[in-house]
Amino acid sequence: MKPKILAQLDERPRIAVLPDGEIWGIHVSGDAGIQEVRVRSSVDGGITWAEPEALFALPESVSPEEGAAPPLRPGGEAVGGSAPAGEMDDSSDDDPIGRWGGCEALVDAEEEVHLFLMNDRGTGVFRRPDSGEVRKSLGIHQRRLDIWHARTEGGRQRWRAPRRIWKGYTGSINSVIQTSRGRIILSFAFLVHRTWRDRGEGLDAFSFMGVSSSTVVYSDDGGDSWHRSPSALKVQTPSIGTYGGVEPVSLELQDGRVWMLARTQVGRLYESFSEDGENWSPLRPTRLLSSDSPVGLVRLPDGRIVLLWNKCQRFPYAHGGRHVLHAAVSEDEGKTWIGQREVARDPLREEPPPPGGDHGTAYPYPAVLADGRVLVTTGQGEGRVVVMAIDPEWLYEKRQETDFSQGMEGWESFGCHGVELKAGADGKVLSVMKVDEERPATAVWNFPSGSSGRLAMRLCLEEGSDGASVLLSDHFSVPFDPEDALYALFRLEMGAGGEMVGGGRLNPGEWHELELRWDCGRRDCRVVVDGEQVGTLPLLRESEGVCYLRLKSASEGVESGGLLIDRVEVEVE
């Protein structure tokens, strides 16, 4: 079953699945100036949701009666921790409470609910969306987002008052887990005093490791006390002033280690491992391509792992963009991934990006339902936040096809001109033709990832065409990406006369059967036209598999004919 959008919401709730199957969608609200935690509940697997109800009011000042945090050690760390060098130290017993935002939820082994919230301490990071307030123009080192903790007790009969467990500036908090040993681990990033003028010592002095580092706080007593990891995990950045390794997400592996995946700006996810959830190995690159976006990570009841992330590259926003969200499943503890399919697309992708604020499909928050489906809230910006259900078995499909009878479902061409459906002899055909000197003509299609496979299409290079490119790739980039051919895995070029680089020729104006039989292990792709092998394409870049087709006009100006496609089918291994 394909992923299904169950609801579209104004808020972005975090999902908590209770032992009886009831689902809580929890969020912070500041409507009418009243700051409180609210919940929408669902008893039918997320198909329908009740109206929001208040769980508890959020405090406006710190006092012992309201559950003020225990004393913090210097450096802004939680009780029991030690602050890494460079972390901000501005603790004060009389710090104000400002506006609240964000949250992350956990249902623990005792079936109690834990919430982790952020408070801006009056620095204006959060503001009422309907108030007309102007966000204060504070430098990044003047901003604050402290982390607070609240939990239920007595079998979820009452809430303990929130209390501050860490002070400083974090970003979004995206992950909290409880290990099999009972330790609760909250992963997050924190701002440090690291600048280009003061980059650090040793190897750090030769590069820039970002203005943030990642770490965790943990509790062994159900949240009564919190301890700070001594690890400060960092990643080099592609430009001065960017974050580094941030918004980490953690998962316990079957061997007892804890695995962390961190968002970066270098085009891929980085990972760290811990034997105990306290001390962590340095962040190192993974093979997972990604934009500058956080992941969702969850374990299924049968032990498999599902990953949700933006496998997007080469777009200015978020160092790759967040136009589509991908999902994959692993049977070997994250070493290899099956699927890598699009599960969500920005519903407003046909429009230019907004001039300000976040947008796209990012920030997936997954939870596992009793039937093994994954319920996800994801999306940023008005009109983009959705709750969706994903059946992991869908990620195992090996075959996908389209004949355009259902339109261009699954195809992307936003930002381009000249990509449209036309009437053919037997129905609709896809036409890719350059009609605008200022805009490219490119069509993009995602399918299940395979290290080897066969892609077949029936196509016609019209007379008047200046030629076309057929690209096989392993990631998404916007249809108008000018560098897509440079990062393709296999590239088939067709000239205006139908001649193909590597051998073979298509007769302009005639329909042909084209097959691409790739094998990343063999490092080649065999080109077959009308049943006869006419050439072989080399693998241009190391990869674990192909999951994207890009069809692109080669014209530099305007052409009078294009590339026609009346069906495409793919089967992968």
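What share of the contacts in the chain with a separation of 6 or more comes from residues 24 or more positions apart? They account for 61% of those contacts, a contact being heavy atoms within 4.5 Å.

## Ground rules

This is a predicted model, so local features need pLDDT of at least 70 and side-chain atom pairs count only at pLDDT 80 or more, while totals for chains, interfaces and linings use all residues. Residues are numbered from 1 along each chain as its sequence is written, and side-chain values use heavy atoms, with hydrogens and water left out.

## Overall build

Along the principal axes, the C-alpha atoms fill a box of roughly 80 × 55 × 50 Å. Of the 573 residues, 57% are buried (under 20% relative accessible area; exposed is over 50%, partly exposed in between; 1.4 Å probe, protein chains only). The chain exposes about 23400 Å², and carbon and sulfur atoms supply 47% of that, going by the Shrake-Rupley method with a 1.4 Å probe.

## Two nonpolar cores

A nonpolar core here is a set of buried Ala, Val, Leu, Ile, Met, Phe, Trp, Tyr and Cys residues joined through side-chain atoms within 4.5 Å. The largest has 39 residues, and Met 457, Phe 490, Trp 518, Leu 549 and Leu 551 touch the most other members. Strand E38 (residues 563-572) gives this core its largest share, five residues. Apart from it lies another core, of 22 residues, including Val 125, Ile 147, Ile 165 and Val 211.

E12 (residues 184-191) and E13 (residues 212-219) pair over eight bridges, with Leu 191 standing opposite Ser 212 in E13.

Ser 229 is in the loop between E14 and strand E15 (246-252). Why does Ser 229 count as buried? Because its relative accessibility is 0%. A polar atom of the Ser 229 side chain lies 3.0 Å from the backbone nitrogen of Ser 231.

How values were computed
Helices (H or I, at least four residues) and strands (E, at least two) are DSSP runs, numbered from the N terminus. Two strands pair if DSSP finds at least two bridges between them. A polar contact is a pair of N or O atoms within 3.5 Å; within protein, one must be able to donate a hydrogen and the other to accept it, and residues adjacent in sequence count only if both atoms are side-chain atoms.
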